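Hello,

Here is the structure for your files. My notes on its contacts follow below.

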Amino acid sequence: MSEHWPIIRMTLNGVDRSVQTPPMKRLLDVLREDLRLTGTKEGCGEGECGSCSVRMDGELVNSCLVPVLQAEGAVIQTVEGLAANDKLHPLQEAFLKCGGAQCGICTPGMLMAAAQLIERNPHPGMAEIREGLAGNLCRCTGFMRIFESVIAAAAEAPESAMERVPNAR
Amino acid sequence: MRGNAESHQLIAPGNLASVLNLLAAEPGAWTPIAGGTEIMVAHAAGKLTAPKLVSLWGIADLRFIDVKPESIAIGAGATFVDLRRHALIAEELPLLAKASTWIGSIANQSRATLGGNLVNGSPAADSSPALLAYDAEIEMISVRGHRRIPYHEFHTGYKRNALALDELLYAVHLPRRFARHRQYLRKVGTRRAMAISKVALAATVLVDDRAGYGIINEVRLGAASLAAFPARLYQTENLLLGQRITRDTIAAAREAIVAEAQPIDDIRSTAEYRRRVAANLLEEFLLEVSREERSMKDTHP
Amino acid sequence: MSTTATTRIVGAPVPRKEGVDKLVGRAQYVDDIERDGMWHGATVRSTIPRGIIRSVSFDPCIDWSEFTIVTAADVPGKNHIQLIVADQPCLAEGQVNHCDEAILLLAHPDKHKLLDAVRAVKIEYDPLPAVLSIEESEKQDPVILGEDNIIKSFLLEKGDVDSVWATAAHIVEGEYRTGAQEHLYIENNGMIAEWSAENGITVWGSLQCPYYVHKTLRAVFDLPDEKVRVIQTETGGAFGGKEDYPSTLGAHAGLLAMKSGHVVKMIYDRMEDLAATTKRHPSRVRHRTAVDKDGKLLAMEIDLATDGGAYSTLSSTVLSRATLHSCGPYVCPNIRVSSHAWATNTIPYGAFRGFGAPQAIFAIERHMDEIAAVLGIDPVELRRRNFLHDGDRNLTDQLMREPVILDQLLDHALAESDYFAKRERYARENAASAVKRGIGIAAFYHGSGFTGSGELYLNSLAGVDVTADGKVRVLVSNTEFGQGTNTILTQIAAEALNLDFSDVMMAPADTAHIPNSGPTVASRTSMVVGRLVERASLQLITMLREYAGLGEHPAREEFFAACERYRATHGKVESLCRYEAPPGIYWDDKKYHGEAYPAYAWAIYVAQVVVDTVTYSAEVEDFWAVQEVGRVLHPVLAKGQIEGGVAQGIGYALYEKVVWQNGHMANNQMTNYIMPTAADVPPIHVFFEEIPFRYGGYGAKGIGELPHDGPAPAILNAIRDATGVEFDTIPLLPEDLFTQLSALQAPAQRVHPPAVEPAVL
């Protein structure tokens with residue numbers, strides 16, 4: 001640990017956190033290593049697979065491409081912040097029922113992308129779902145069960161359930 | 001992760017003036033980083049050589065979309081999500097709105113900036129063909145002030161551009177005069193999303209249909225991956241100018257674009273494929289224009 | 001044996017056993033695990049495809065005293081990965097035989113210093129001429145493996161092929177090629193290893209087959225069984241890519257742990273995983289087929305070649321399965337299949353979903369369409385005339401004793417896809433359109449389980465036990481990596497024991513605690529291991545009745561009470577069973593004759609494609625997958641397996657290309673190795689017919705690999721329908737479509753004239 005590294009403050013899953021790290025450390029690594037939130041995964045390091053997706057200031061981002069300095073003051077949600085205490089988010093319920101997760105490695109990022117999609121667009125059509133998830137690669141499912149999960153969650157979840165998700169803007 | 005975070009300095013002065021002062025004080029020493037969607041990939045591959053970086057993220061003075069009577073000014077820090085969400089861009093500059101949906105994925109679009117896309121200067125840059133077809137202007141800024149050049153003069157070579165060492169790309173200006181132009185943009189990639197362009201063609205054409213003659217009065221063709229940088233296709237444009245769209249014009253235009261394009265073989269595609277597809281795209285556009293003109297003539301004899 | 005009786009849990013869409021952990025980010029994959037004092041490991045790899053290592057030098061800019069360095073000289077036991085033939089070194093010794101071959105290993109507490117150190121190791125080679133393709137290997141100059149570059153060969157003969165050619169109405173020839181394919185599991189390979197003189201070696205990692213890794217570690221470290229322990233962590237996708245490679249990575253991490261005295265973690269990044277680990281065998285299959293005037297198959301002569309890479313690894317068994325799937329689901333009285341796996345100086349190829357069958361089935365199913373074209377017979381009709389039925393014999397003379405319902409599957413697939421109407425419509429509409437549509441089919445089977453006597457050789461042992469706190473545990477070495485092992489095996493146990501689904505869990509995938517029930521490969525888990533778990537559960541009931549007074553229709557509580565009574569007298573409550581072959585299995589390994597597989601899954605797939613003649617790109621617009629897989633144990637998991645396999649098959653056909661430069665994978669980044677995204681996959685319609693197989697777990701046959709066999713030929717057949725042009729090589733990229741389509745036209749013109757003449761204004 002070096003004294004000249006900046007202290008980065010952020011709100012993570014509703015809780016204020018701070019870390020002192022090299023400013024060019026990837027947000028992904030800060031989440032996994034410094035903050036020990038290992039739900040967010042590294043699949044490629046190039047922003048191609050989306051398994052590192054998190055929500056930052058109300059937008060979906062690939063955390064492998066964010067230098068942590070740029071997360072200063074940000075409101076961040078990871079998969080660990082999706083369920084509220086012991087109650088699964090409607091998307092998580094839907095994935096469980098419809099088989100949206102197989103090996104599970106893409107699932108955290110996929111849930112973030114799906115949450116982002118249905119929060120902005122509570123009743124997305126297939127084309128919008130495909131586009132919303134196009135940045136999250138899943139090698140196991142062929143995407144069909146995931147589409148079904150998103151449709152099921154969008155159909156079931158009352159708008160108020162979506163408000164539980166912390167969102168900066 | 002092959003990069004070492006500890007080998008790089010990154011600062012975020014947070015305002016434009018401080019960044020410009022820094023660039024002026026130490027020209028060439030500091031590499032600007034906006035959304036990081038290119039630089040961080042290089043970092044992860046262990047290929048980021050820049051020891052000092054200055055962050056442009058969050059500088060409000062760079063992230064704007066200003067609608068003026070004659071033009072729209074887009075700040076270099078505007079993200080592609082900003083562009084996608086802007087109603088007037090969707091209405092008056094549909095090619096740019098379309099291109100914005102093609103950058104990577106939603107997660108990339110929320111971080112990638114227009115300025116970053118242009119300064120990175122890949123020959124496959126997604127926003128470039130539309131900007132070329134719309135006759136965009138680039139505004140650059142330094143402590144010495146602002147200056148503007150046509151966008152088609154911005155790229156000077158493979159990953160080289162007109163920015164001086166102390167300059168930042170400040171804004172892109174797009175004229176608001178394409179309402180009557182026929183417009184076309186098509187990108188050919190490896191798949192429907194998250195695809196680097198193998199070839200892309202943007203076109204804006206004004207057809208003079210007075211007296212029923214359908215002459216091409218204005219034409220701009222912007223292409224990606226047909227040269228060392230995104231470029232206009234002037235020779236093909238010149239051939240089309242003043243012409244009607246006939247079978248012969250199309251054949252000549254095909255030959256012209258094949259002759260003018262200088263694509264390469266690379267890991268994604270072949271020069272031959274790119275040349276042929278460029279010709280096909282141009283033909284597709286000209287046919288579309290010709291059909292539209294004809295149907296307009298049929299309904300407005 | 002209750003294959004047809006009503007079941008409560010088997011066949012029901014119960015929630016995935018480990019589903020919640022995966023959904024809340026709690027599941028622990030290997031890179032999520034941190035240990036105190038852990039070091040990191042990295043690999044120095046060959047940069048040439050073949051050569052003698054002349055020198056290894058260490059740049060003095062690095063303080064090497066901080067590092068642990070491991071070479072082949074540090075291997076305490078055998079410097080070989082133990083698969084079928086132990087010819088692959090754990091670390092290269094004196095010579096390298098492929099690019100990216102592991103030469104030495106480094107460990108250090110700081111990941112970043114490690115990367116600098118890898119770059120600071122300089123290796124000088126005396127290059128040797130390298131062999132980089134099947135054709136080059138066939139020249140046998142240079143000879144790089146054995147006497148003749150042949151890793152394995154088979155000759156399968158039936159009837160008398162040579163007697164037919166002279167009199168056949170038609171002889172049709174074709175050559176079909178498939179490229180390498182990368183698994184692209186989203187979780188890269190990774191291992192953590194710990195060594196102590198007292199406990200021996202322990203590894204944790206992303207893997208399919210704990211006992212495969214165990215076997216290699218015993219040999220590499222020269223340790224007895226009980227001093228080697230392999231634990232599977234939550235595994236993020238495998239598809240065969242973690243069948244054998246983890247043995248190498250486990251040995252590497254283990255060697256560093258042993259020499260450094262620290263726990264060592266080795267996680268590959270995507271670039272390294274793509275470049276250095278196994279892929280699907282490329283293939284070249286030549287068909288020569290004699291048919292009568294009605295299209296009945298009279299003789300098939302097949303020359304099947306695979307590229308095995310630099311070492312034998314699994315090439316012989318891949319070749320075996322390819323050979324046994326090469327003739328399609330058809331009756332043919334005269335057959336000769338001559339197959340060879342050729343050695344080349346490329347990264348050794350390995351297991352990948354289908355394991356030789358996708359390659360072989362691509363060839364035969366494309367070839368059937370070519371035969372149909374030559375004869376002017378509808379490709380659907382041609383297949384019907386040749387289908388296997390109950391009572392027929394296949395290429396190894398195996399009698400089809402179980403029902404074969406290909407006609408029914410075909411009817412269903414044709415109806416669902418509206419095949420004939422579409423084909424007719426496309427034929428009418430394509431000429432006037434720049435966008436051409438086509439529809440194509442593939443008919444195929446996939447043999448479940450290991451070939452011939454393979455299961456007997458594996459001699460699997462599996463079962464259940466009951467813990468003192470009232471949980472039943474399934475004891476198997478078969479692993480979960482997304483396909484649903486945890487769920488289906490606990491369903492089976494819960495059903496057979498008449499308990500609740502929540503009463504049953506999996507014992508940890510830890511060789512210290514589980515018997516060896518064989519690898520998780522070959523679509524054997526539900527059929528073979530499921531049956532063992534079912535039998536062991538029923539056996540437990542019998543044991544409890546006999547020794548603990550369990551009644552006839554016990555409630556849950558009575559079952560657990562009986563278990564405690566049993567525990568009091570016997571010490572533990574455990575029931576294990578060994579594999580028993582279904583009766584009448586006869587297999588001649590030399591002649592490749594007899595019962596090749598105990599059961600087959602059957603399928604008809606239909607692909608609807610759209611070919612854009614402006615961009616020369618082909619996309620799959622719609623897809624139907626109709627199959628008979630025995631009993632469907634879990635409807636959602638089964639559907640998910642088919643959909644996932646189809647998506648990979650679509651990638652195999654149209655998107656996924658490994659670009660080689662002098663034996664190195666040049667496109668080793670996800671930005672350049674292209675798999676279909678959510679925006680690219682078509683709707684995939686899945687239908688199951690169920691004919692329970694009496695020797696499979698609750699009637700199940702294998703399902704995991706079947707869906708990767710059919711898409712590629714169905715798609716290329718559809719493209720043939722759309723364009724009228726034969727394409728015989730996959731992956732078929734737009735550049736390849738362009739090359740072939742444009743060869744038929746003058747260069748300056750578009751391939752297909754525009755539908756609408758430009759309007760003269």
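**Domains and interfaces**

Chain A is assigned domain 1 (7–81) and domain 2 (90–163), with bounds from an automatic or database domain assignment. This is a predicted model: local features need pLDDT of at least 70, side-chain atom pairs count only at pLDDT 80 or more, and totals for chains, interfaces and linings use all residues. Residues are numbered from 1 along each chain as its sequence is written, chains are lettered from A and ligands numbered from 1 in the order written, and side-chain values use heavy atoms, without hydrogens and water.

The C-alpha centres of domain 1 and domain 2 of chain A lie 21 Å apart. One salt bridge links the domains (side-chain nitrogen of Lys or Arg within 4 Å of a carboxyl oxygen of Asp or Glu). A:Arg55 pairs with A:Glu119 in a salt bridge, N to O 2.9 Å.

Now chain A against chain C. The contact involves 42 residues from chain A and 54 from chain C. Together they bury about 3700 Å², 58% of it on carbon and sulfur atoms. A:Leu96, A:Gln102 and A:Arg139 lose the most area in chain A, together 22% of that side's buried area. Six salt bridges cross this interface. One of them joins C:Asp31 and A:Arg32 at 3.5 Å, N to O.

Best wishes

Methods. Contact means heavy atoms within 4.5 Å. Buried area is the accessible area (1.4 Å probe) that two parts lose on being put together, summed over both.
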